[in-house]
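Hello,

Here is the structure you were waiting for. My notes follow below it.

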Amino acid sequence: MEDVSGGFDPTIWSNIYDGNTTDVQTNRSFYISNPSGADSNFVVKVYALH
């Protein structure tokens, strides 16, 4: 999700899974909300290829 100050926070990506790739988004206000299917703590690694 993207944090929008004083507004509605839109979902940028959904149904992300291990090994998934997405389109490029540039913003410093992304956060993870309501993860499902995780049965333990997890780490998110973000890589950008130019």
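I start with the lining of the largest pocket: 17 nonpolar, 13 polar and three charged residues. Here Ala, Val, Leu, Ile, Met, Phe, Trp, Tyr, Cys and Pro count as nonpolar, Asp, Glu, Lys and Arg as charged, and the others, Gly among them, as polar.

Two notes on the source. This is a predicted model, where local features need pLDDT of at least 70, side-chain atom pairs count only at pLDDT 80 or more, and totals for chains, interfaces and linings use all residues. Residues are numbered from 1 along each chain as its sequence is written, and side-chain values use heavy atoms, with hydrogens and water left out.

Back to the pocket. Its space comes to about 1600 Å³. The lining counts 33 residues, and Trp13, Ile16, Asn20, Thr22 and Val44 are the closest to the centre. A pocket is an open set of points on a 1 Å grid over the protein atoms alone, where a 1.4 Å probe fits, with protein on both sides within 12 Å along at least five of seven lines; lining residues have an atom within 4 Å of a point. Points are joined across faces, edges and corners, and the volume is the space filled by probe spheres set on them.

Now the overall fold. The protein has zero helices and zero strands (DSSP runs: H or I of at least four residues for helices, E of at least two for strands). Its radius of gyration is 12 Å, while a compact globule of 50 residues would be near 10 Å (taken over C-alpha atoms; the rule is 2.2 Å times the number of residues to the power 0.38). The C-alpha atoms fill a box of roughly 30 × 30 × 15 Å along the principal axes.

Buried residues are 2% of the 50 (buried is under 20% relative accessible area, exposed over 50%, partly exposed in between; 1.4 Å probe, protein chains only).

Next, single residues. Asn15 has a positive phi of about 55° without being a glycine. Asn15 is exposed, at 70% relative accessibility. Asn34 also has a positive phi of about 55° and is not a glycine. Asn34 is exposed, at 70%.

Tyr31 is partly exposed, at 33%. Beyond neighbours within four places in sequence, Tyr31 contacts Met1, Glu2, Asp3 and Asp9 (heavy atoms within 4.5 Å).

Best wishes
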